[in-house]
Number of protein chains: 2
Amino acid sequence: MKTELCQRFGIEYPIFVFTPSEKVAAAVTRAGGLGMLGCVRFNQADDLERVLQWMDENTDGKPYGVDIVMPAKVPTEGTAVDIDKLIPKTHREFVDKTLADLGVPPLPDDEAKSEGVLGWLHSVARSHVEVALKHPIKLIANALGTPPKDVIDQVHEAGVPVAALAGSAKHALRHRDIGVDIVIAQGHEAGGHTGEIASMVLVPEVVDALDGTAAVLAAGGIGTGRQVAAALALGAQGVWMGSAFLTAAEYDLGVRGSSGVSVIQEAMLAATSSDTVRRKIYTGKPARLLKSRWTEAWDAEGAPEPLPMPLQNILVSEAHQRMNEAKDPTAVAMPVGQIVGRMNEIRPVADIMAELVSGFDEATRRLDGMRG
Amino acid sequence: MKTELCQRFGIEYPIFVFTPSEKVAAAVTRAGGLGMLGCVRFNQADDLERVLQWMDENTDGKPYGVDIVMPAKVPTEGTAVDIDKLIPKTHREFVDKTLADLGVPPLPDDEAKSEGVLGWLHSVARSHVEVALKHPIKLIANALGTPPKDVIDQVHEAGVPVAALAGSAKHALRHRDIGVDIVIAQGHEAGGHTGEIASMVLVPEVVDALDGTAAVLAAGGIGTGRQVAAALALGAQGVWMGSAFLTAAEYDLGVRGSSGVSVIQEAMLAATSSDTVRRKIYTGKPARLLKSRWTEAWDAEGAPEPLPMPLQNILVSEAHQRMNEAKDPTAVAMPVGQIVGRMNEIRPVADIMAELVSGFDEATRRLDGMRG
């Protein structure tokens, strides 16, 4: 499985994997793909610095990248304390009541409350870029909208290309026009922030709109080698994956139950492809999440409208922390794509990568047999 | 482009095309695919009989099929007049006010009002089956749910296989278990009645669930040869298309403007892949439609909830007729998939078919070059 991107990035396979886990990112890189470490969870730049040092020591000199979240428009800047004041009391009451209804206990008195994800504030995302550029990263991706021009210039000056996610051909052209090098065409079926247009339609549309002026990675619905073959048949030069590596054996984030897998992994292993919803309740923008008693509570009559970004995530961050610790896989908040229906066992990254390659080979050989 | 289905059906390409137009269905068949005539518009069995006679005379002895709509559950049977009484006055008032707001004139006094689509009543769909089986049809497809067992038996006794649309692996297995021969895995991006799961995830899931016990056609988002290659890479043995042939030159349904294309074709030619919505307003079940001022009116605050099938279509049938005759492409009611973004010119069926084949060849050759 070779495309032009393999040579450009010095990778064996054009498989780009977004993951919040440095263990998974490093394993992807070692297995011949490009591990892309998600930075949004690092509220403190020092924490990111430590983790990137670990990446440098555990990737055998092979290429890796980072993923930041810098929305095109952010209504509010400041610290968590400032922003906190903008959250309506009725929303807080709804969250408290919902957690009580779901049987989620409060945090222990001695545990610090999560201040929420601040990584999508421009100030924090810029600190991620600063830190990352001190490391031998090969790509910076922006997971939400077109990155600011000065950030693109800063990254380019360091000799690093920039990727950005797009949910439509219009977004893709906007990215390209401001200097983005690689467009990730992310279909409706993807986990996290996602648009309306499904991969089957979106990928060739973005490929044709860009017409070779930027490389295209296909994202959304990809978990097997057959799906990689489909994405490349549609014209993409590589794939961008995320969900399928959340049940990798190396993934060590999240509170674990007695089984050794995390509570959220247990929930994902049990889910079918029908068990996701696309809602604004995680961040304030539409994101595909695992369906759970928590998402259902927000769908029920009388539930408030989600707040705009970044308020919504600050509103629910302690709730996410409490649900995580409650160890009940039916009440979780987790972004994941429709491919969750195929995530039915915990497998090492190397096994997932090996299937992607062999499945691609098998699918393309099958297609050969069909070509008269 | 050869799969096992080519031999089974005596067709050149495994391309199955659903269309309400006999002109398009016959042209698809003549071009080497399998034209599938949609029967739902025939309220009178005699009209269908006449059209199938025309098909017999215009398909050069090549195979064709028919598509009926027989929902698994129908709450109401009877004539249009009986059913009419079940529609609330507030719904009628909303439709009248909306048409006035949109500037849609009433029908001329001398024109008969449409009585709505009755083809999805079991009594009417059964009459379609009766009529169709008197012709040399090669396939009957049911567009909505699992057909009743006795209908499947009746069709099988005539030596004709049965296909049915499925939006999930669970539906696919239910079809197979009752005797359906071919499952059409229809993704979220498809036009008309459609589920939540996108083609990229749905197709391999259905293929794996059926595990060879029934053939699978991929539907949803397919309009070019690259997309055919993607669908076959995902494991399908053929494709089922509909939307992409609504702008075929042979398509002669609908009121025409001075340009020679129908008003609805004009609207589709102008639309992008972002210009569809999935709503219950056409039939009472979620169906993907072209976004228009009509669909927006039903999204506005104060709009009523759509009625259950079959009441909703009876409620809006005269509105559809009035909008059609008003010749305003911004106020239309038309089921179409996200592939509408690529339907940008009127082309003969033979040209569409030729691109599907050459695009498939090109995509699979490109994949060959990627396989190390």
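How many residue pairs are in polar contact between chain A and chain B? In this predicted model, the count is 27 residue pairs, both members of each being at pLDDT 80 or more. Within chain A, the elements that contribute two or more residues to the side touching chain B are α9 (199-210), α10 (225-233) and α14 (349-370). Of the elements of chain A, α14(A) gives the most to this side, with nine residues. By class, the residues on the side of chain A that touches chain B comprise 19 nonpolar, 13 polar and twelve charged.

The arrangement of the two chains was examined next. Chain A is superposed on chain B by a rotation of 180° with 0.0 Å of shift along the axis, at an RMSD of 0.0 Å. This relation is therefore that of a two-fold axis. The C-alpha of Ala230(A) is the one in chain A nearest the axis, at 2.0 Å from it. Both copies use the same surface, as 100% of the contact residues of chain A recur in chain B.

The contact between the chains draws 44 residues from chain A and 44 residues from chain B. The size of an interface is often given as the accessible area lost when the parts come together. Between chain A and chain B, the buried area is about 3,700 Å², and carbon and sulfur atoms give 56% of this area. On the side of chain A, the residues that lose the most area to chain B are Met200(A), Met370(A) and Arg371(A), which together account for 20% of what that side buries.

Charged pairs also occur across the interface. Side chains of opposite charge can pair when their charged atoms come close. Six salt bridges are counted between chain A and chain B. In the pairing of Asp208(A) with Arg226(B), the side chains meet in a salt bridge with an N to O distance of 2.8 Å. Over all chains, the count comes to 32 salt bridges. Within chain A, Arg50(A) forms a salt bridge with Asp47(A), where the closest N and O atoms are 2.5 Å apart. Arg50(A) and Asp47(A) both belong to helix α3 (residues 45-57) of chain A and are three residues apart, about one turn of the helix.

The domain assignment divides chain A into domain 1 (4-75 + 118-248 + 351-370) and domain 2 (80-114 + 254-326). A distance of 26 Å separates the C-alpha centres of domain 1 and domain 2 of chain A. In the contact between these domains of chain A, 18 residues of domain 1 meet 15 residues of domain 2. About 1,400 Å² is buried between domain 1 and domain 2 of chain A, with 66% of it on carbon and sulfur atoms.

Polar and charged pairs were also counted between the domains. Domain 1 and domain 2 of chain A have eight residue pairs in polar contact, both residues at pLDDT 80 or more, and one salt bridge is counted between them. In chain A, the side chains of Arg278(A) and Glu196(A) meet in a salt bridge at 3.8 Å, N to O. The side of domain 1 of chain A that touches domain 2 of chain A has nine nonpolar, seven polar and two charged residues.

Conventions. Residues numbered from 1 in each chain as written. Chains lettered and ligands numbered in written order. Predicted model: local features only at pLDDT ≥ 70, side-chain atom pairs only at ≥ 80, totals over all residues. Heavy atoms only, no water. Least-squares fit on C-alpha atoms with pLDDT ≥ 70 in both. Contact = heavy atoms within 4.5 Å. Buried area = accessible area lost by both parts, 1.4 Å probe. Salt bridge = Lys/Arg side-chain N within 4 Å of Asp/Glu carboxyl O. Polar contact = N/O pair within 3.5 Å; in protein donor to acceptor, adjacent residues only side chain to side chain. Helix = DSSP H or I, 4+ residues; strand = E, 2+ residues; numbered from the N terminus. Nonpolar A, V, L, I, M, F, W, Y, C, P; charged D, E, K, R; others polar. Domains from an automatic or database assignment.
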